[in-house]
Amino acid sequence: MPLSWNEIKARALAFSRHWADAANEDAEAKPFLIAFFEIFGITDKRIASFEHAVKKYGGSAGFVDLFLPGQLLVEMKSRGKNLDRAYAQAMDYFPGIAERDLPRYVLVCDFARFRLYDLTENLSHEFSLAELHSYVRLFGFIAGYQTQVIKPQDPINIKAAERMGRLHDQLKAVGYVGRPLEMYLVRLLFCLFAEDTSIFERRQFQDYIEQRTGVDGTDLAHHIATLFHVLNTPAGQRLKNLDEQLAAFPYINGKLFADPLPPASFDAPMREALLDLCGLDWSRISPAIFGSLFQSIMDDQARRHLGAHYTSEENILKLIKPLFLDSLWAEFEKIKKNRNKLFEFHKKLRTLKFFDPACGCGNFLVITYRELRLLELEVLRAAYAGGQMALDVHQLIAVDVDQFYGIEIEDFPAQIAQVALWLTDHQMNLRVSEEFGAYFVRIPLTHSATIVHGNALTLDWENVLPAECCSYVLGNPPFVGAKFLSAAQREETRAVFAGIENAGLLDFVAAWYVKAARYMAAQPSLRAAFVSTNSITQGEQVGVLWSWLLAQGIQIHFAHRTFSWTNEARGKAAVHCVIVGFGRGDVAEKIIFEYADIKGVAQAVKAANINPYLVDAPDVVLPRRSKPLCAVPEIGIGNKPIDDGNYLFSTAERDAFIAQEPASAKWFRRWLGADEFLNGFERWCLWLWNCPPTELRAMPEAMKRVQAVKDFRLASKSAPTRKLAETPTRFHVENMPGTSYLLLPRVSSERRSWIPIGFVDRDTFTSDSALMTAGATLYHFGILSSTLHNAWMRTVAGRLESRYRYSVAIVYNNFPWPAPTDKQRKTIEAAAQAVLAARQAEIDRVPATSLADLYDPLSMPAALLKAHQQLDRAVDAAYGYKGAASDAARVAFLFERYQRQVAGT
């Protein structure tokens, strides 16, 4: 057990006084260093060789004054010698040291001055012998007190997973597979972490492998199996004649090493792979991140994108801070000067229980536990300020891993989650030890988290953690769209969604919201928050899910509007997500986190209410309307041929067809879908419905096309499609106005501030990838092209991937139009015409220009941008809108207007 910091500091003072008198030009390095290490309670028997022989840069032999492999290299010089030169000499030794043994620290000293280099953090500290006691905490790594600043983006997280992946592959190649392999690696992970964080002695595991096993690796599996058994056996129950090196390992408990595993098998390369893992500094590993990386190594495809689908710490904090952490810190700040209230607050922290019903490798639980322990540390600092810390630290720490519960459908990540919480617990114990100057460790393990291996949608959550005992439900349930559910998932959700109309439209994540709402019935004070794809707050799903949730008394307490959910590894996966915090009943203060840039930083905005679309507006759920709310032209989809492409042609294909069959020329019509409209390329449709039979039969190539369409429709599994085969020259959906019409793409890039729309002549056919309305005027074009309408669309529309998907029934038919005066209408029409004119001017200047070019935010012409801004002013004036420019403010205004129009007021 390490000495207390008070004892170490006293020894450092005595050391400085002694060597200030004794040090001279004839002083010897070895006794000086032996005495230096005794400051930390380390005897010369525990120090690797003095005058350690290594090859220097260039191949010549050299001797290091003291070397602790993987930790420290010391180079001593006579008093007054140049320490820069000493450091250069120390670095010359590095080429002769095995990579896994390279030290993190280099100490150069001339008996009167010390200079310590931290090669990982690229820091150095220099001080005199007399100042040693003031800097002695820099050497906490010698005493066993070293605490690391865990950096989520530290490359060592990836390196560790990749090296573990190599060992995994080698074990798998010799036939060691399945659950035994998974458990074997979890146990090795614990041992690797333990020897770098003072659970074991420094390098205890690595030294045992290096010193007690043969280089060919054939006896390594036997030694590891024996070690696992020892780690699971209390000291008093071990063999009396147990090998001394094995007996030095502590009893771990926690059932981590309890289950027997079949013997593994190693060879020389596999032994080297394990020793390479030992060479990493596992104290720098983030358990929250490594757990998911570790899981990825078990899957070949996931390995190729290592870390592509785990949750970053930053994003986890976006959820847990508003859910509970911010309020706990605020409470602490109010009472931190009242010792009695601090004690009560500390007791409260111990009573909190956290439940993640889709916990994976435990990321959310791990970060929650870490943050709770950090808060507890601040509580203890405040409660025992002024030198009142001379108490048993074991009695002070109350927060523990047994406050955490989870459900995970796969066994391996469930095991990782359990271990990750233990590792986090130990990292926090090291911080406590550093803070209080007294070694604190919870070994053997007596408490553990409750991580249930099972299906969260079929398990009764009450059997995992009764709702009346639960404080918070949180997590990141799986992202699977409704159309992509497996048969098993569809069956599971069917049971969860029982009684909810049209539940087949809901994404997989919605099942966790429903389960949580039902779970809360027994404990109304319980609060929950989930990360979700933003689809549950947009489009049709809102009406299905939130109508039911609101009817159960569920209210949204905080929300992060759409942002890009990323992680911190290569091959980063990004998806557009929201975070929704909710509970039964209302709360006094609600917050919406707005993103001007979905990849940027959120701005917290207080809200009077947060509705299902995550805006500050009443709890409105838009229905699927068959007709517009207001007196405006109806809008419908374009033509849908169901022709297997037989009637559609590029310009080159059309010309070749006409060259072969000249009589077909008059039956071609220009064909516009969203893609053609936006990107400016031509397609053509062969429209033969009005072609007299005599003319059609005189065109053999056209007849071949008609026959191909008929055959295609007859081969369909859909009865309505087979019925269409009776009229093969007609389309499934036909929408061909006799006048010009307004075209609106059904899908448009999320990068655009405005969906480009436009007027199309009567002879052009529109495909079903676009919407169209005959009878639309410049006024209608102006309103639909305004920021007000586009903000509404961005909020309530669904998504195709991340692109906007414009819906007639939800977006257009529910949109609350203004009631302009004649003057306001004319102003809008003039501004709309100016937008069209600005477009055309640019196209006339550069004929190849497309609408996609014009509406790209990086290339949008200044004149067109100015025209749109003028149009926005005209539309805002017609509405009487004078609020903020943000989408959230505009949509809140529109929801209020919607409610008034629905109510007829």
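Among contacts (heavy atoms within 4.5 Å) in the protein chain between residues at least 6 apart in sequence, 73% join residues at least 24 apart. The model is predicted: local features need pLDDT of at least 70 and side-chain atom pairs count only at pLDDT 80 or more, while totals for chains, interfaces and linings use all residues. Residues are numbered from 1 along each chain as its sequence is written, and side-chain values use heavy atoms, leaving out hydrogens and water.

**Whole chain**
- Along the principal axes, the C-alpha atoms fill a box of roughly 115 × 65 × 55 Å.
- The chain has 34 helices and 26 strands, which are DSSP runs numbered from the N terminus (helices: H or I, at least four residues; strands: E, at least two).
- Of the 905 residues, 55% are buried, meaning under 20% relative accessible area with a 1.4 Å probe and protein chains only; exposed means over 50%, and partly exposed lies in between.

**Helix H29**
- Helix H29 covers residues 787-796, and ten of its ten residues are buried, so the helix is largely enclosed by the rest of the structure.
- Among these buried residues are Trp792, Met793 and Arg794.

**Positive patch**
- Lys483, Lys640, Arg746 and Arg805 form a surface patch of positive charge.
- Patch residues have over 30% relative accessible area and no salt bridge; like charges are joined within 9 Å, and nonpolar side chains (Val, Leu, Ile, Met, Phe, Trp, Tyr) within 5 Å.
- A salt bridge is a side-chain nitrogen of Lys or Arg within 4 Å of a carboxyl oxygen of Asp or Glu.
- Arg805 lies in strand E26 (residues 803-805) and is partly exposed, at 35% relative accessible area.

How values were computed. Accessible areas come from the Shrake-Rupley method with a 1.4 Å probe; for residues, only the protein chains shown count as cover. Lys and Arg count as positive and Asp and Glu as negative; His and the chain ends are not counted. The place of a charge is taken as NZ of Lys, CZ of Arg, CG of Asp or CD of Glu.
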